[in-house]
Amino acid sequence: MVTIKKILCPIDLSPQSGEALRYSAALARAYQATLYVCHSINPVSSAAPAARESINKQMESTISEQVFLDQADQFKIEAILIEGDPALAITKEAAERRVDLIVMRSRRRPLAAALLGSTAEAICRTAPCPVLVTHPRERELVHPFTGEIDLRRLLVAYDFSDYAELALSVAFSIAQEYQAELHLLHVLPPQNTSVWPPTGSESLFQQALRRLHNAVPSEARPPCEIKAIVRLGQPYREILDYAEEKLIDLICMGASGSGFGLRALFGSNADRVLRQAPCPVLIARPLKPASVPPPTARPKTQQP
């Protein structure tokens, strides 16, 4: 099962970024994890010591406003200033610190992001670990008095790929932590004409349901309630519709895969879910090392 020991939360010092900070603080307390709160600055305009000191004070103020005092005593919080393009700097910081989860807020600008993409989408493409994205106008999941997350229902978009398996592993860990329902959704393509087989054969619906039920070992199921669902249609549309119908609190998806992935063009399905979801979305990515050593040169063979 996935363990979360280090969480990175990028903030832009706006009041809106407090949502992701509250969410990440609640997760840090639940998992007893270290929370790194980072802010990206322009190295030129923020070069003066006075400018950096002002930004540091703003970060401290934001943290004190959003993180409950009793929470702050239960886990470690560290404020970090990073330099450069936010998407690149955040992923680099996450890799160097080997964080287990990035929690950040998306501004959800569909018209602008449609062509160029948002910072959150860029980080979801390249992050060295899973990324949890919150959005404006979502239901507030962090209790205003206790600082705890009210997670009751998690949805995993499951296409049987390795990345979907990773999404399930992360979701299962969170579901166990919060005693939440875990919904596994598989979507069959509408153009598939072999959904209904000859009499006596197992249909694709039945095959998918069987595989969904087998995705989580029976001994690992309690205390989480697990529901398996198969639908026919466009994956992103069915994911969004199901999340609306069942009041899902968190959608988990793999970063790549045959059905829901980002393999060709940062997932027409994944980025649509990111932009339109009624709740936070977690894009699961495998942990990667901070750097990859150069390949060892092969010795040259002498020609006879």
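Helices (H or I, at least four residues) and strands (E, at least two) are DSSP runs, numbered from the N terminus. The structure is a predicted model, in which local features need pLDDT of at least 70, side-chain atom pairs count only at pLDDT 80 or more, and totals for chains, interfaces and linings use all residues. Residues are numbered from 1 along each chain as its sequence is written, and side-chain values use heavy atoms, with hydrogens and water left out.

The protein chain holds 10 helices and 10 strands. It has 304 residues, and 52% of them are buried. Buried means under 20% relative accessible area, exposed over 50%, and partly exposed in between, with a 1.4 Å probe and protein chains only. Contact means heavy atoms within 4.5 Å. Of the contacts in the protein chain between residues at least 6 apart in sequence, 77% join residues at least 24 apart.

Helix 1 spans residues 18-31, and helix 2 spans residues 49-66. Their axes come within 9 Å and cross at roughly 60°. Axes are lines fitted to C-alpha atoms, for helices over the stretch in contact, and angles run from 0 to 180 degrees between N-to-C directions. Helix 1 and helix 2 are therefore oblique to each other. Angles under 35 degrees count as roughly parallel, over 145 as roughly antiparallel, 65 to 115 as roughly perpendicular and the rest as oblique. The crossing of helix 1 and helix 2 is right-handed. A crossing is right-handed if the near helix is turned clockwise from the far one by less than a right angle, and left-handed if anticlockwise. On the helix 1 side, the contact involves Gly-18, Leu-21 and Arg-22. Helix 2 contributes Thr-62, Ile-63 and Gln-66.

Helix 1 also meets helix 7. Their axes come within 11 Å and cross at roughly 75°. The two helices are therefore roughly perpendicular to each other. Ala-26, Leu-27, Ala-30 and Tyr-31 of helix 1 make the contact with Ser-173, Ile-174, Glu-177 and Tyr-178 of helix 7. Arg-29 is also placed in helix 1. Arg-29 counts as buried, at 13% relative accessibility.

Pro-86, Ala-87, Ile-90 and Thr-91 make the contact from helix 4, and Thr-119, Ala-122, Ile-123 and Thr-126 make it from helix 6. Ser-118 sits in the loop between helix 5 (110-116) and helix 6. Ser-118 is buried, with a relative accessible area of 13%. Ser-118 and Arg-275 are 157 residues apart along the chain, yet their C-alpha atoms are separated by 9.6 Å.

Strand 10 (residues 281-284) includes Leu-282. With a relative accessible area of 0%, Leu-282 is buried. Its C-alpha atom is 7.9 Å from that of Ala-167, which is 115 residues away along the chain. Neighbours within four places in sequence aside, Leu-282 is in contact with residues including Leu-101, Pro-130, Val-131 and Leu-132. Val-170, Ile-174, Leu-250, Ile-251, Cys-252 and Met-253 are also among its contacts.

A search of the whole structure finds one aromatic pair. Tyr-158 and Phe-160 form this pair, which is edge-to-face, at 5.3 Å centre to centre and 85° between the planes. Rings of Phe, Tyr and Trp (its six-membered ring) pair if their centres lie within 6.5 Å; planes under 30 degrees apart count as stacked, over 60 as edge-to-face and the rest as tilted. Tyr-158 counts as buried, at 3% relative accessibility. Arg-211 lies over the face of Phe-160, at 3.9 Å from the ring centre. Arg-97 lies over the face of Tyr-36, at 4.8 Å from the ring centre. A charge sits over a ring if NZ of Lys or CZ of Arg is within 6 Å of the ring centre and within 35 degrees of the ring normal.

Backbone angles complete the description. Most residues other than glycine have a negative phi. Phe-160 has a positive phi, near 70°. Phe-160 lies in the loop between strand 6 (153-157) and helix 7 (162-178). Leu-13 likewise has a positive phi, near 70°. Leu-13 lies in the loop between strand 1 (6-10) and helix 1.
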